[in-house]
Every structure is written in structure tokens, then in C-alpha cells.
Amino acid sequence: MTAERRPVHAAGIDRLTDAAGIGELVLPAPSCGPDQVLLRVDAVAVNHVDTFVRSGVYATDLDFPVAVGRDAVGTVEATGTGVRGVGVGQRAWTNSLGFDGRPGATAELVAVDAERLYPLPDGVDPLIAAAALHPCATAALAVGRHGQLEAGQTVYVAGGAGQVGSAAIVVAKARGARVLASASAADADYCRGLGADVVLDYHDADLAGRLREAAPRGLNVQVDTSGHNDLEMAVDLAARRGRIVVMAGPASTPVLPAGQLYMRDASVHGFAISNATVGELAEAAQTVNTLLADRAWEPRNLVRGAFRDAGWAHAQLEAGQVHGTRIVLLPQHGDATAGR
Ligand SMILES: NC(=O)c1ccc[n+]([C@@H]2O[C@H](COP(=O)([O-])OP(=O)(O)OC[C@H]3O[C@@H](n4cnc5c(N)ncnc54)[C@H](OP(=O)(O)O)[C@@H]3O)[C@@H](O)[C@H]2O)c1
């Protein structure tokens with residue numbers, strides 16, 4: 001089935017640039033390849049990684065001019081001849097846009113590889129879904145694919161009140177684990193409400209001692225979403241065969257006590273969701289859809305903007321002014337500057 005071919009309004013860039021360099025774009029109507037769908041975009045998330053792609057901190061293939069953004073929730077408008085199991089009018093989502101040569105999410109209409117498109121569970125608000133995709137998919141990869149967390153094991157989530165950290169608590173509890181989390185004291189109740197069994201103040205000078213008290217047999221999995229990556233502490237606290245997941249702090253250069261690491265068969269696993277395979281993303285998408293359907297994770301605070309607010313949204317993230325807040329952009333939004 002084909003869609004009307006008129007130009008598409010988007011927010012994006014014509015070169016690697018700062019947040020102020022994001023402008024309004026008018027792009028040619030996307031064509032739908034045989035293994036693609038055309039997605040009419042309803043809501044787009046703004047993530048830290050979008051700023052890394054826009055600035056070049058994360059080097060990837062970009063076909064300029066290109067819309068910014070990777071996560072979109074939308075409505076299928078057309079399907080390629082080879083696509084099965086997806087129907088026109090169906091609500092769906094993707095978290096694979098705007099890098100590796102693919103078009104960006106902040107556009108009215110976008111061509112999406114069908115293998116990177118997932119159905120949105122019935123009754124889920126597209127705005128909530130857009131906000132949830134990145135933290136929940138990242139948490140699924142961190143705890144599941146890379147952490148290999150099993151029921152009955154103990155996991156430590158550093159930064160448990162953050163977007164990814166809060167989702168990681170929920171994912172870990174759903175896997176039947178005992179969850180230790182760190183957060184500032186004001187966020188302790190929030191983490192407990194998500195299911196954390198023990199919440200420690202990350203400002204505590206003896207955080208390592210508290211963790212040892214809480215998990216005398218060691219930590220099976222550790223996920224540091226704060227980017228501090230204290231590997232000396234992490235290795236010291238690791239259980240035999242413990243897995244330390246590194247996923248934040250692009251400039252961090254911690255000391256790794258290699259001797260202690262190998263003596264306990266521990267390992268350090270770095271990952272970036274951008275490198276996830278189609279199969280890994282699909283597996284994470286199943287977890288995301290379960291969380292969405294169960295309303296198990298929702299943003300603490302959601303700010304809406306319009307596509308034209310993309311530059312402002314990137315600047316907010318880069319200024320670190322989004323504590324507990326997810327920014328979601330819509331193609332049209334009359335109250336676009338409400339969040340400023
Ligand atoms: N590798 C990947 O694929 C991937 C995917 C998504 C995100 N990320 C990265 O993951 C990081 C987290 O993203 P996010 O959206 O969850 O950010 P976020 O919402 O800002 O969460 C970070 C959390 O870390 C906490 N924190 C700060 N200092 C800490 C410390 N010393 N010890 C423990 N916690 C501390 C913060 O608490 P306060 O609020 O009290 O400061 C905050 O709750 C970002 O760096 C992002 O780029 C990586």
C-alpha cells in the first residue's frame with residue numbers, strides 16, 4: 001500500500017552541531033522499501049544518546065540533512081510488499097532511528113525497517129510509551145542480556161532513581177532478584193516503591209561497607225547508571241562469577257583491579273544500546289511491551305513539546321536540568337513551550 005507523497009516536516013541537522021544547530025527541516029516524502037513500513041509519528045522521545053549522535057560524541061553514519069531522535073511511537077500508514085504481521089492503522093514503535101544511516105525519528109512520516117518495529121500494546125498512551133522506550137529497553141539489555149541476572153541473585157543498581165536505574169529496578173524485580181539500589185536520600189522512597197529491597201544513599205562515605213552488609217556473599221550483577229564506574233569498589237564487592245555492567249560515563253577511565261577480577265571469575269561487560277543486534281533489540285522490546293502493558297514503569301514527570309522544540313530539549317538534557325523528567329515531542333503541540 002502506498003501513502004501520499006508530500007514533503008515531510010522534521011526537526012534535524014545538516015551537520016554535526018550543538019543543540020542550537022537543530023532546525024526545522026522539510027524532507028522529501030520517504031519511500032517504503034519492500035521490508036519497511038511507513039510510520040506516521042505520534043510521539044518522539046529525547047534521550048542523552050540523541051545529543052551524542054547530534055554532536056558526534058557517538059560516531060555513526062548520518063545521511064545529512066537528517067532528523068534527530070531514535071525513539072518513535074506512531075501509526076502504520078503503509079507497508080512494503082514483503083512485510084507480514086503488521087497492518088495499516090496499527091500503533092507501533094521503534095527505537096532504531098537516526099543512526100547507522102537510518103532516518104531520524106523527529107519527522108512527521110518515517111520509513112522503518114519492519115524487523116525494527118514492534119506493536120504497541122493496546123491501551124498504552126503513546127506519550128508514556130515514547131518516554132519509556134529508551135530507559136526500559138536499556139534496562140532490559142543491562143540486566144538481562146549483559147547482566148544475565150537470574151532469579152534469587154542479588155543485583156546492585158547504582159543511580160536507582162534515574163531513568164535507566166528506575167527501570168532496571170523494575171526489570172530486576174520482575175526477574176525474581178533481590179535488588180539493592182543507591183540514590184540520594186530524597187529518592188529512597190521512590191526506589192522502594194519500584195521494588196528495591198534495600199536503598200542506600202550514594203553520598204554515604206562508607207557506601208561499600210553498607211553494600212557488603214546488605215550482600216555479605218557478594219553482588220551477582222552490578223549496573224552503574226551514574227557513570228562513576230568505581231571498578232575498584234565493584235570488583236571488591238563482586239560475587240564469584242559476578243558481572244559488572246558498564247554503560248555510562250563516556251569519559252570515565254577507572255582503575256580495574258585485574259588480579260581480584262580474575263581470581264573470582266568476575267567480568268566487566270560494556271554495552272551501548274546503539275550496538276544491539278536486531279535480535280537483542282527484539283528481545284528487549286518484549287520486556288518493554290510487558291512493562292508498558294502492566295504500567296510497571298512510567299516517567300515521574302513528563303514534559304511535552306513540539307518537534308520545533310527539539311533544540312531546546314537537547315539543551316535541557318545537556319544542562320542536566322531534567323531530574324526525573326522525560327521530554328516527549330509531538331508533531332504539533334499548541335502548548336509547546338509549556339515546559340520552559
Ligand atoms: N549504554 C547505553 O546503551 C545507555 C542507554 C541509555 C542511557 N545511557 C546512559 O546512562 C546514564 C543514565 O541515564 P539516565 O537517563 O538514567 O540518567 P539520569 O536519569 O540522570 O540518572 C542518573 C542517576 O544517577 C544518579 N547519580 C548521580 N551521582 C551518583 C553517584 N555517585 N552514585 C550513584 N548514583 C548517582 C543521579 O542521582 P541524582 O538525580 O540525585 O543526581 C540519577 O538518579 C547516562 O549517562 C546515559 O547517557 C546509556
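Tutor: Start with one term: a salt bridge is a side-chain nitrogen of Lys or Arg within 4 Å of a carboxyl oxygen of Asp or Glu. This is a predicted model, where local features need pLDDT of at least 70, side-chain atom pairs count only at pLDDT 80 or more, and totals for chains, interfaces and linings use all residues. Residues are numbered from 1 along each chain as its sequence is written, and side-chain values use heavy atoms, with hydrogens and water left out.

Student: Why is the pair Glu213 and Arg210 called a salt bridge?

Tutor: The closest N and O atoms of Glu213 and Arg210 are 3.7 Å apart. The limit is 4 Å, so the pair qualifies.

Student: What separates Glu213 and Arg210 in helix H5?

Tutor: About one helical turn, because they are three residues apart in H5. Helices here are DSSP runs (H or I, at least four residues), strands are runs of E (at least two), and both are numbered from the N terminus. Asp204 joins Arg210 and Glu213 in a network of salt bridges.

Student: Is Glu213 buried or exposed, and how do you know?

Tutor: Buried means under 20% relative accessible area, exposed over 50%, and partly exposed in between (1.4 Å probe, protein chains only). Glu213 has 59%, so it is exposed. Arg210 has 32%, so it is partly exposed.

Student: Which residues of H5 are buried?

Tutor: They are Leu207, Gly209, Leu211 and Ala214. Their cover includes strands E9 (154-158), E10 (178-183) and E11 (198-201), along with helix H6 (231-237).

Student: What makes the pair Glu280 and Arg145 a tie between parts of the chain?

Tutor: Glu280 lies in helix H8 (residues 278-293) and Arg145 in helix H2 (residues 126-146), so the pair ties together parts that are 135 residues apart in sequence. Their closest N and O atoms are 2.8 Å apart. Glu280 counts as buried at 15%, whereas Arg145 is partly exposed at 36%. The structure holds 13 salt bridges.

Student: How is the chain divided into domains?

Tutor: Domain 1 covers 8-120 + 300-330, and domain 2 covers 142-274. These bounds come from an automatic or database domain assignment. The C-alpha centres of the two domains lie 31 Å apart.

Student: How do you know that domain 1 and domain 2 are in contact?

Tutor: Contact means heavy atoms within 4.5 Å. By that rule, 13 residues of domain 1 are in contact with seven residues of domain 2. The area buried between them is about 720 Å², and carbon and sulfur atoms give 48% of it. Buried area is the accessible area (1.4 Å probe) that two parts lose on being put together, summed over both.

Student: How many salt bridges are counted between domain 1 and domain 2?

Tutor: The count is one. Asp187 forms a salt bridge with Arg300, with the closest N and O atoms 2.8 Å apart. On the side of domain 1 that touches domain 2, helix H1 (48-55) and strand E16 (325-330) each supply at least two residues.

Student: Why is Asn229 called buried?

Tutor: Its relative accessible area is 3%, and the cut-off is under 20%, so Asn229 is buried. Asn229 is found in the loop between strand E12 (219-224) and H6. Not counting residues up to four places away in sequence, Asn229 touches Asp224, Val246, Ala248, Gly249, Ser252 and Pro254.
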